[in-house]
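Please find below a short note on the structure under review.

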Amino acid sequence: MPEVTLAEGESGPVLSNGSLTVAVHLNKGTFSLSAERSGRAVLTDAATAVSIASGPAFSSRGAGLTSEGSAPADDVFGRGISLLLRREGGDHEPEVLLKVALYEERPFAVLHAEMVNVAPARMQVAAFHVLDGAKLHLGSPPSSWRLYKHGWQSWSPTLVLDCAGEDEPAAAPVIAPGTQPQARDGRFVSEMMTAAVSPQTGRGLVAGFITTADQFSQLWLDREPKTLTATSYADGISVAPRGRLSSERLLIEPTSAPLESMERYGDALRLAMGARQVEDIVTGWCSWYCFWQGVSEKAVLANLVELDRRRSELPVEYVQIDDGWQAEIGDWLTVSERFPHGLKWLADQIHARGFKAGLWLAPFLMGAKSQLYRDRPDWVVEYRPRRPFVAMRNWGQDCYALDLTRPDVIEWLKTVFRTVCDEWDFDYVKIDFIYAGAVAGIRHDPELTRVQAYRRGVEAIREAVGERFILGCGNPMGPSVGLVDGSRVSPDVAPYWLPAGSSPDSAPSRMSEPSALNAIRNSINRWWMHGRLWQNDPDCLLARDSETALTRDEVRALATVIAMGGGMVLDSDDLTRLSDDRREVISMTLPPCGKAARPLDLFGTDMPRLLELDCGTHQVLGVFNWGNEPAKATVPLPGEPTHVFEVWDEEDLGVRRDEMTLDMPPHGCRLLAVRPVGDRLQHGGWDRRLSRLLFPRATD
Ligand code: 9PG
């Protein structure tokens, strides 16, 4: 890719790198972005604005911009040029700065906004609209587009929407942040990042924030007038006269290959945020989805014995005790009487059998019934003075959000986690419901954003646990990058397909509730995060054939999605009651392959039906029927003669080419291993174990 050049155009500076051009219109106060190869403008009439808490937004559009020159860029993305533009301020207006960078080897632009308080009094900054209503052009009308809507936290639905319809409003449990643009017809809101694609023209745009440590961010598309807005929330931070404040950094990439561009966005976010990289994929057993709140020492021990006995079939590393061990939500140092020997003793038992020990906590919640709340009622975030913010109603009580801007709360958190790790000897913590640290409310220190408060809390936990594994759950996604090792990417799985009591009609509005389908949807759609931001946790496998409403086909679909996601593999069945057949299903997913399969038809359908994993010597295809009726699926195959083997039914489908049609059961899947005739890998045909197919290194 040629180097970055800066030239003087008719209306202002023009920055280019051979794949992208940014042209500024100084008089109008706008800029446009085009893909150089096609020469087509993808964004036009783009402006930047800053909005002040008490009132208006100050946009560059109409006000004009001046060019303040350029500077060499040299950072995690390599070398490039950064252009600086300025909108003048005044006695009641902030000065607005916009920085646009292009790099030598990168097909994206990186933008951020800054404000300088040139007024004589303090200013409270509400938000930066890094893109303020930029016109988006994909070569077809917006009603033909499809939009990737990314959710706020682990449980928030993440899916592709049809832009001819309407946005899917957020529903309980808390899955959206406190800041929302006004809802209106044809407005689609996505958290942190988004992708818009025209299936008609094959053109698309990926846009997302690549720094996420200080401010929450949102992007929204307005079908009419075809505009994209990208906002970074400063939460009313006040800036002194002559002081300045920056937005987060936004990446924009026009694309004809949206899956690759989303993966590249994930790489950029990883680089800019310094994501943690734990090579060994976590495997384990979790108590939640079989023992729920009633988990006991006895139940954990019985499963520990079973895991030990079945070691060769079920090679897992962790035994994780979930919710139910603690006396109360908040009283983490007091253990329930169902654990008569205490947790140190139980962790020792787990270690003695050669496993690592994991523990669940909801560290940013404080239950109304807890001793902690009786002792420290002043530790809560308030939504109005003296009104505690209820972050969750669960466990038969209101649960309040802890104020993580208080130094005494931070010290208390460190004490709790030091006790869990250093005294009790746990190797792994699942920190759950931690969005509670980031709710919009009144905190002790008003000069910290929601994200900054949240990160102080997670940083304190990181400091206390050292290099032990942290799994985030119910966590806001962006602000967790760089702090957690694993992140839940889905709502809870459940031993039933659709949310309890829902019908196929009501299910769309209940996409964040526990259900196997809901867990599957997000786990597929957030594939690009895995191995970049952290290890994805798709939630547990439930393989059992008793105490479940899941059919054999549904279990296979769940196991396939978990295995092909490449992320963490945790089972949550009572292993002492599992049939040989169903134990074999778990066994097939171990060891994990580590690599995330791509949802090839992400932008083509409601829910992807085709996952592809390239295993070097062969390819693995997961084919799904999410419908309630049997169906036929047509699967694309290489043009040359190809061996096809169906893994679940151990069926050799012979030599095929181009495509083949399969009969699919409702909620079912077919798992195909595909290898061109004549390629290597000739050791006696296919090995049935999924892990060996997914992970060739495990073949010998
Ligand atoms: C333990 C569970 C498991 C599970 C977590 C989390 O009431 N609610 O809205 C609600 C949402 C999520 C939830 C429980 C309740 O599940 O995801 O894996 O650890 O907590 O309570």
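Predicted model: local features only at pLDDT ≥ 70, side-chain atom pairs only at ≥ 80, totals over all residues.

1. The parallel sheet. Eight strands are arranged as an open sheet with parallel pairing, in the order E35-E34-E33-E32-E26-E23-E22-E36. Its edges are strand E35 (535-537) and strand E36 (569-571), each of which pairs on one side only. From one strand to the next, the twist averages 25°.

2. Strand E32 (residues 428-431) is joined to strand E33 (residues 469-472) in the parallel sense by 4 bridges. Within this pair, tyrosine 428 is placed opposite phenylalanine 469 of E33.

3. Helix H8. How many residues of H8 are buried? The count is 10 of the 10, so the helix is largely enclosed by the rest of the structure.

4. Arginine 526. This residue is located in the loop that runs between helix H8 (516-525) and E35. The arginine 526 side chain does, however, reach the backbone oxygen of valine 489 at 2.9 Å.

5. The surroundings of arginine 526. Leaving aside residues up to four places away in sequence, arginine 526 touches Tyr148, His150, Gly151, Trp152, Gln153, Ser154, Ser156 and Thr158, as well as Met477, Val489, Ser490 and Asn536.

6. The antiparallel sheet. A further open sheet contains 6 strands with antiparallel pairing, ordered E37-E38-E39-E44-E41-E42. E37 and strand E42 (651-656) are at its edges with a single partner strand each, so one side of each is left without a neighbour in the sheet. E38 is paired with strand E39 (residues 619-625) in the antiparallel sense through 5 bridges, and leucine 613 has valine 620 of E39 as its bridge partner.

7. Strand E41 and its two partners. Strand E41 (residues 642-646) is mostly covered, with 4 of its 5 residues buried. E41 pairs with E42 in the antiparallel sense over 5 bridges, where glutamate 646 faces glutamate 651 of E42. The hairpin of E41 and E42 has 4 residues between the strands, and glutamate 650 adopts a positive phi near 50° there. The pairing of E41 with strand E44 (residues 668-676) is also antiparallel and spans 5 bridges; phenylalanine 645 has alanine 673 of E44 as its bridge partner.

8. Strand E9 and its two partners. Of the 10 residues of strand E9 (residues 78-87), 7 are buried, and the strand is mostly covered. Strand E8 (residues 66-75) pairs with E9 in the antiparallel sense over 8 bridges, and a hairpin of 2 residues connects E8 to E9. E9 also pairs with strand E10 (residues 95-103), again antiparallel, over 8 bridges. Leucine 85 of E9 is the bridge partner of serine 67 and also stands opposite leucine 98 in E10.

How values were computed
Residues numbered from 1 in each chain as written. Heavy atoms only, no water. Pairing = 2+ DSSP bridges. Axes fitted to C-alpha atoms, helices over the stretch in contact; angles between N-to-C directions. Polar contact = N/O pair within 3.5 Å; in protein donor to acceptor, adjacent residues only side chain to side chain. Contact = heavy atoms within 4.5 Å. Buried < 20%, exposed > 50% of the residue type's maximum accessible area, 1.4 Å probe, protein only.
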